Amino acid sequence: MNTKLFFKSLLLSFFCFAIGNAQEILTLENAVKIALDNNYDIKIADNNLKIDKTNVAIGNAGMLPSISAVATDNNSILNTSQTRSDGTTVELQNAKNNSLNYGVALDWTIFDGLKMFAKYDQLKELQNMSDAQLKMTIIDKVSSVNSVYYDLIQEQQKLSDLDSTIIISQKRLEFTKNRYTIGKGSKLDVLNAQVDLNTDLGNLLKEKQTYANAKTLLNQILARDLNTDFKVSEGINVDRNLKLVDLIVLAEKQNPELAMQIINKKVTELQLKQIKGERYPIVKLNTGYNFNDTKSSLGFTTESSAHGLNYGFSASLNLFDGDAQNRNEKIAKMQIDNSKLVIDQQLIQLRSNLTVAFQVYLTNLDLIDLEENNTAISKQNLEITAEKFKIGTITSVEFRAAQLNYINSRIRLSNAQFQAKLSEITLRELAGNLNF
C-alpha cells in the first residue's frame with residue numbers, strides 16, 4: 001500500500017465523525033411536545049387544575065340559596081278507643097290513618113359574617129395553586145427531557161468518535177502488519193496494534209449500551225413505546241449570555257415553587273377571614289309552598305287538607321363556644337406567620353441555588369474554551385505524529401498515544417458542552433423560564 005495514500009485516508013476517516021443512517025431524527029422541540037402530550041404526571045396535574053377551576057363557583061362558596069322538594073307519607077293501622085267530652089266512648093279496630101305532606105322549600109343564608117366572600121376568594125387562590133403546580137410539573141418534565149436529550153447528543157458524539165478511532169486502529173493494524181511482512185516492523189508492533197483495536201472495540205460496545213439505555217430513558221419520559229428507535233440532532237449550543245441578576249429577578253417573579261408559597265400565604269389569610277366571620281350573626285331566609293292531606297278513620301275530623309306559602313327568617317349568634325373562637329383565630333394567625341417565614345426561606349434558598357448554579361455554569365463555559373483549545377492542539381499533534389509515523393521516526397505506540405490524546409480531548413469537550421448545557425437548563429428551571 002502506498003503510505004502517502006494510507007495516511008491521507010487515515011486522517012480523512014478520523015476527522016469525519018458523522019454516522020450515516022436512516023433513523024428518524026427526533027428534534028428537541030418534538031420531544032418536548034410529545035412529553036407535554038403524553039406524560040402522566042402532566043395529565044394528572046392538568047386534571048387537578050380542571051377540578052379546581054370547576055370548584056370556583058359562587059354556589060360552592062355558599063352564596064346561592066338551596067331549594068329542595070320534600071314529600072312525607074305516614075300511614076298507621078291502630079286499635080283506637082276515644083272518650084269524648086259528653087262521656088260517650090267510641091272504639092274502632094284496625095283504624096286507618098294517613099298523613100301526606102309535600103312541597104318545595106327554599107333556604108338562603110344572606111349574611112354569615114362575609115365568610116362566603118372569603119371562601120370564594122380562597123377557591124380562586126386554590127385554582128391559582130393548581131395552575132402553579134401544573135407549571136412546576138411541566139417545567140420539571142421539560143427539564144428532564146432537555147437533560148436526557150442533550151445527554152443523548154453527547155453519547156451520540158462519543159459513538160461517532162469511538163467509531164472513527166476504531167477505523168484508525170484498524171488501518172494502523174493493517175499498516176503494522178504490512179511493515180512486519182516486508183521486514184520493516186516488529187511482531188510487537190502488530191500485537192500492540194491488535195490489543196489497542198480490541199480495546200477500542202470493547203469501549204464501543206460499552207458506549208452502545210450506554211446510548212441504548214439513554215434512548216430507553218427518553219422514551220420512558222415521553223411515555224411512548226420503549227423500543228421506538230430514533231436519532232437525536234447533532235451539536236450542543238450553550239447560551240453564554242445568562243446574567244445572574246436577571247435570573248434572580250425572573251425567579252422571584254415566576255419560580256413556580258415560590259409562587260405556590262405566596263399563594264399558600266393568601267389562602268391562610270383568607271382562612272383567617274372565614275374564622276373571624278364566626279363572630280358575626282348568621283341570618284337566613286326561608287320560604288316554601290306546602291301541601292298537606294290528612295285522613296283519619298276516627299275523630300271529629302276524618303279528613304282535612306291544606307296548602308299555601310310559608311316564609312320567615314332565622315338569626316343566630318355564637319355567644320360562647322368554650323373559647324374555641326379565640327383559639328382558632330390565634331392558630332390561623334400563627335399559620336400566616338409560618339407562611340411568611342416559608343416564603344423568606346424559599347427566597348434565600350432560591351437565590352443560593354441560583355448563585356451556586358451560575359458559578360457552575362461559568363466554570364463549565366471556561367472548561368469548554370479550555371477543551372476547545374486542547375482539541376485543536378491535540379489535532380495538530382496527531383497530524384505531526386502521523387507524518388513521523390509514516391516515515392518511521394516514531395513507534396506505533398507513540399502514534400497510539402497521540403491518537404488517544406485527540407479522541408479523549410474530543411470526548412472531554414463534548415462532556416464540557418453537556419455539563420454547561422445542564423447548568424443552563426438548571427438556571428432556566430430555577431428562574432421559571434425554561435421554554436416549553
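**Ring pairs and nonpolar cores**

Modeller: Phenylalanine 358 and tyrosine 361 both lie in helix α8, 3 residues apart, which means that about one helical turn separates them. The model is predicted.

Biologist: Why is phenylalanine 358 called buried?

Modeller: Its relative accessible area is 12%. Buried means under 20%, so phenylalanine 358 qualifies.

Biologist: What relative accessible area does tyrosine 361 have?

Modeller: The value for tyrosine 361 is 0%, so this residue is buried as well.

Biologist: Which residues touch the most other members of the largest nonpolar core?

Modeller: Val145, Leu218, Leu354 and Leu427 do, in a core of 58 residues. At least two residues of this core come from each of α2 (28-38), α3 (40-55), α4 (115-181), α5 (187-221), α6 (244-254), α8 (324-391) and α9 (396-431). With 14 residues, α4 gives the most.

Biologist: What is valine 145 in contact with, leaving aside neighbours within four places in sequence?

Modeller: The contacts of valine 145 are Leu28, Ala31, Val32, Ala35, Leu218, Ile221 and Leu222. There is also a second, separate core of 9 residues, and among them are Leu382, Ala386, Ile394 and Ala402.

Biologist: How many aromatic pairs are there?

Modeller: The count is 7. Phenylalanine 111 and tyrosine 280 form an edge-to-face pair.

Biologist: What makes the pair of phenylalanine 111 and tyrosine 280 edge-to-face?

Modeller: The ring centres are 6.5 Å apart, and 90 degrees lie between the planes. Phenylalanine 111 belongs to strand β3 (residues 89-111) and tyrosine 280 to the loop between α7 (256-276) and β5 (282-296), so the pair ties together parts 169 residues apart in sequence.

Biologist: Why are phenylalanine 111 and tyrosine 280 called partly exposed?

Modeller: Partly exposed lies between under 20% for buried and over 50% for exposed. Phenylalanine 111 has a relative accessible area of 29% and tyrosine 280 has 48%, so both fall in that range.

Biologist: Why is the pair of phenylalanine 358 and tyrosine 361 called tilted?

Modeller: The ring centres are 5.5 Å apart, with the planes at 40 degrees. Stacked needs under 30 degrees and edge-to-face over 60, so this pair is tilted.

Biologist: Which residues form one aromatic cluster?

Modeller: Tyr102, Tyr289 and Phe291 do.

Biologist: How far is the charged end of lysine 215 from the centre of the ring of phenylalanine 230?

Modeller: The distance is 5.2 Å, and the charged end sits over that ring. The distance cut-off is within 6 Å, so 5.2 Å meets it.

How values were computed: Residues numbered from 1 in each chain as written. Predicted model: local features only at pLDDT ≥ 70, side-chain atom pairs only at ≥ 80, totals over all residues. Heavy atoms only, no water. Core = buried A, V, L, I, M, F, W, Y, C linked by side-chain atoms within 4.5 Å. Buried < 20%, exposed > 50% of the residue type's maximum accessible area, 1.4 Å probe, protein only. Helix = DSSP H or I, 4+ residues; strand = E, 2+ residues; numbered from the N terminus. Contact = heavy atoms within 4.5 Å. Phe/Tyr/Trp six-rings, centres within 6.5 Å; stacked < 30°, edge-to-face > 60°. Lys NZ or Arg CZ within 6 Å of the ring centre and 35° of its normal.
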